[in-house]
Amino acid sequence: MARGLPKQRPIPGVKQIIAVASGKGGVGKSTTAVNLALGLAAVCKNSTVGLLDADVYGPSIPKLMNLRGSPEVTTENQMRPLMNYGISCMSMGFLIEESAPVVWRGLMVMSAVEKLLRQVAWGNLDYLIIDMPPGTGDVQLSITQSIPVSGSVIVTTPQDLALIDARRGAEMFKKVNVPVLGLVQNMSVFRCPKCHHETHIFGEDGAQQLALDLDVEILGDIPLHLNIREKSDKGQPVVVSDPESPEAIAYLRVAARVIERLPTPTD
């Protein structure tokens, strides 16, 4: 994989880049990316955090972060990130109409991703979270080859189908020499709000064996909970809107473990 690859260039001012990925859609990757970004800011007081939505075809960050509008452009012809909850955000969703489909071929998508990486005035960031598109295609390869990614977080559910694709995602990062910081097992358990009975709708501890096979850690289990869904739909991520809830605490634990697993940044 190393032969003939383009030289990686860092993003000026950004210390650590963390890719949040999944092998398939629908496992809660974007919700995890948003709450991880907010969790990093909460765990590391006075840290600066950015969030890049690299899912060109299906951008979710504008909705999840309750942001809309077009970014301003600096005199250096760079876009200023939109900000909410103290997080600097950039997304293709800020550049197109909310309901407009992105019907582009691969080269146009690659050009858009390059602009999102290189033509944004991020300023000084301790952490930049990249919400990757699902799968292991051109966008993932382009990002990991063009910038130094400090580590990746793989989001999966305990379901066998999701685990198969999560394995592919983790193996892809290993092939391009990006450390896999660990797995997040999302929708791990449903607890009835009335009787508190726990049901493992998507299977129980499915990610445990995958973590053993890949020799990585489980960064945390996130429950399937109405609170997460409702707050996400309102653009009020649970880490900031309900920080004392068990769901928010689960995300904060993931953030703390990500920090522990990150390599020391180089100047």
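This is a predicted model: local features need pLDDT of at least 70, side-chain atom pairs count only at pLDDT 80 or more; totals for chains, interfaces and linings use all residues.
The axes of H5 (residues 160-175) and H6 (residues 206-214) cross at roughly 25° and come within 11 Å, so H5 and H6 are roughly parallel to each other. Their crossing is right-handed. On the H5 side, the contact is made by Leu163, Ala166, Arg167, Ala170, Glu171 and Lys174, and on the H6 side by Gly206, Ala207, Leu210, Asp213 and Leu214. Sorted by class, that makes six nonpolar residues, one polar and four charged in the contact of H5 with H6.

Next comes the pairing of H1 with H9. Here the axes of H1 (residues 29-43) and H9 come within 8 Å, with a crossing angle of roughly 70°. Angles of 65 to 115 degrees count as roughly perpendicular, and H1 and H9 are therefore roughly perpendicular to each other. From H1, the residues involved are Thr31, Thr32, Asn35, Leu36, Gly39, Leu40, Ala42 and Val43; they meet Tyr251, Leu252, Val254, Ala255, Ala256, Val258 and Ile259 of H9.

The largest pocket holds about 560 Å³ of space. It is lined by 23 residues, and Val189, Arg191, Glu198, Pro223 and Pro246 are the closest to its centre. Strand E7 (180-191), strand E9 (218-224) and helix H9 (246-261) each put at least two residues into this lining.

Pro223, one of the residues closest to the centre of the largest pocket, deserves a look of its own. Pro223 sits in strand E9. Neighbours within four places in sequence aside, Pro223 is in contact with Met187, Ser188, Val189, Ile228, Glu247 and Ala250. Among these partners, Val189 is also listed with the residues closest to the centre of the largest pocket. As for Gly58, it is 165 residues away from Pro223 along the chain, and the C-alpha atoms of the two are separated by 24 Å.

The second largest pocket comes in at about 430 Å³. Its lining consists of 20 residues, with Pro62, Lys63, Leu67, Gly93 and Glu98 lying nearest the centre. By class, the lining of the second largest pocket splits into eight nonpolar, six polar and six charged residues.

Key
Residues are numbered from 1 along each chain as its sequence is written. Side-chain values use heavy atoms; hydrogens and water are left out. Axes are lines fitted to C-alpha atoms, for helices over the stretch in contact, and angles run from 0 to 180 degrees between N-to-C directions. Helices (H or I, at least four residues) and strands (E, at least two) are DSSP runs, numbered from the N terminus. Angles under 35 degrees count as roughly parallel, over 145 as roughly antiparallel, 65 to 115 as roughly perpendicular and the rest as oblique. A crossing is left-handed if the near helix is turned anticlockwise from the far one by less than a right angle, and right-handed if clockwise. Contact means heavy atoms within 4.5 Å. Ala, Val, Leu, Ile, Met, Phe, Trp, Tyr, Cys and Pro count as nonpolar, Asp, Glu, Lys and Arg as charged, and the others, Gly among them, as polar. On a 1 Å grid over the protein atoms alone, a cavity is a set of points where a 1.4 Å probe fits but cannot get out, and a pocket is an open set with protein on both sides within 12 Å along at least five of seven lines; lining residues have an atom within 4 Å of a point. Grid points are joined across faces, edges and corners, and a volume is the space filled by probe spheres set on the points.
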